[in-house]
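Let's walk through this protein together, step by step. Take a moment to turn the model around before you read on.

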Amino acid sequence: MKVNVVKDIEELSLVAAKRMIEKVRRQPTTVLGLATGSTPLGTYRKLVQDFQENRTSYKHVTTFNLDEYVGLAATDKNSYHYYMNDHLFGQININQAQTFLPNGAGVDPSEECLRYEEKIRQSGGIDLQILGLGENGHIGFNEPGTSFSSQTHVVTLAETTRVANSRYFPSLADVPTEAITMGIETIMKAREILLLVSGEKKAKALREVIEGSVSETVPATVLRNHPNITIIADEASVKCLTKEYQTL
Ligand SMILES: N[C@@H]1[C@@H](O)[C@H](O)[C@@H](COP(=O)(O)O)O[C@@H]1O
């Protein structure tokens with residue numbers, strides 16, 4: 001596990017985007033695993049900027065997102081489909097037919113989970129997975145207590161997660177109660193992982209990930225068992241660590 005400490009979200013975005021661009025340029029058919037939330041927004045902005053300036057091509061790239069709310073249509077502004085189209089897919093030359101998110105609306109969610117897991121497998125698996133970190137240590141929407149051997153599944157969102165994500169919705173009551181998420185085993189199968197962590201609110205969760213014991217109580221601690229993971233964390237998020245880590 002490599003830990004790179006950067007100054008702030010700006011530098012974090014730059015470092016993460018650089019790794020993604022390098023990967024796509026070297027392997028044009030890369031399968032990317034993507035995350036939503038506020039943390040990767042700057043990274044996506046950097047990818048768009050690089051596309052405009054340097055024309056890095058995404059024509060042969062395939063993407064799989066980590067998760068999606070149950071009950072929100074792709075056209076709903078709060079859906080992760082909408083987020084991805086708005087912040088990334090609509091602004092680069094990716095083939096939209098090669099961008100996948102779980103379908104949270106209008107289908108049987110359990111069947112959708114099986115279909116999604118199979119789709120990832122058929123694509124050859126994820127080469128580079130981007131992850132954010134929940135304040136309670138969740139990854140994707142894998143809440144505390146999720147089995148490390150979980151595949152794509154339907155989850156009931158923790159109340160703390162609904163409250164944390166309610167900032168995007170008109171009110172807490174509008175935040176869906178369920179989501180479809182890649183499972184922990186699904187995520188761990190990615191060949192390379194970048195965990196992006198920014199802000200003081202994540203400091204306690206990050207300490208658990210790096211210095212705590214590996215346990216299903218804090219889902220992200222599983223990442224310690226991954227052979228190729230880099231944590232990119234800004235100064236505010238490393239405040240609770242007891243040891244010094246490499247500063248970029
Ligand atoms: N499902 C998402 C996660 O994939 C994300 O990583 C996390 C952190 O979000 P943020 O980056 O906004 O702090 O919360 C959400 O619940």
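**A first look at the whole**

In this protein, 81% of the contacts with a separation of 6 or more join residues 24 or more positions apart. Two residues are in contact here if their C-beta atoms, placed from the backbone, lie within 7 Å. Please keep in mind that this is a predicted model, in which local features need pLDDT of at least 70 and side-chain atom pairs count only at pLDDT 80 or more, while totals for chains, interfaces and linings use all residues. Residues are numbered from 1 along each chain as its sequence is written.

The protein has seven helices and ten strands. These are DSSP runs numbered from the N terminus, with helices (H or I) of at least four residues and strands (E) of at least two. Along the principal axes, the C-alpha atoms fill a box of roughly 45 × 45 × 35 Å. The radius of gyration is 17 Å, which agrees with the value near 18 Å that a compact globule of 248 residues would have. That radius is taken over C-alpha atoms, and the globule rule is 2.2 Å times the number of residues to the power 0.38.

How much of the protein is buried? Buried residues make up 43% of the 248 residues. A residue is buried if 20 or more other C-beta atoms lie within 10 Å of its own, exposed if 12 or fewer, and partly exposed in between, with C-beta atoms placed from the backbone.

Now for the records. An unreviewed UniProt entry carries the annotation "domain: Glucosamine/galactosamine-6-phosphate isomerase" for residues 16–225. UniProt positions are given in the numbering used here, feature names are shortened, and annotations may be inferred rather than shown by experiment. The span 16–225 is 32% helix and 15% strand, and its end C-alpha atoms lie 21 Å apart.

**Into the core**

Which residues have the most contacts inside the largest nonpolar core? They are L195 and L196, in a core of 64 residues. A nonpolar core is a set of buried Ala, Val, Leu, Ile, Met, Phe, Trp, Tyr and Cys residues joined through C-beta atoms within 7 Å. Leaving aside neighbours within four places in sequence, L196 is in contact with residues including L12, T39, I130, G132 and I232.

Next, find helix 7, residues 203–211, where A205, L206, E208, V209 and I210 are buried. Strand 1 (2–6), strand 9 (192–197) and strand 10 (229–234) are among the elements that cover these buried residues. In general, an α-helix has 3.6 residues a turn, so residues three or four places apart point the same way.

L223 is buried because 21 other C-beta atoms lie within 10 Å. Not counting residues up to four places away in sequence, L223 touches I193, L195, V209 and I229. V214 also lies in the loop between helix 7 and strand 10, but V214 counts as partly exposed because it has 15 C-beta neighbours inside 10 Å.

**Around the ligand and the annotated site**

There are 13 residues around the ligand, and the closest are G37, S38, T39, G132 and G134. A residue is near a molecule if its C-beta atom, placed from the backbone, lies within 6 Å of it. This shell holds three nonpolar, nine polar and one charged residue. Here Ala, Val, Leu, Ile, Met, Phe, Trp, Tyr, Cys and Pro count as nonpolar, Asp, Glu, Lys and Arg as charged, and the others, Gly among them, as polar.

The unreviewed UniProt entry also gives an "active site" annotation, covering D67, N136, H138 and E143. Is D67 buried or exposed? D67 is buried, because 22 other C-beta atoms lie within 10 Å. You will find D67 in strand 4, residues 67–69. Beyond four places in sequence, its contacts include Y80, P102, F141 and M182.

E143 sits in the loop between strand 6 (128–131) and strand 7 (153–156). With 20 C-beta neighbours inside 10 Å, E143 counts as buried. Leaving aside neighbours within four places, E143 is in contact with H138, V155, A158 and T161.

**One last stop**

Finally, look at R55, in the loop between helix 2 (41–54) and strand 3 (62–65). R55 counts as exposed because it has 9 C-beta neighbours inside 10 Å. Its phi is near 60°, a positive value in a residue other than glycine. Most residues other than glycine have a negative phi.
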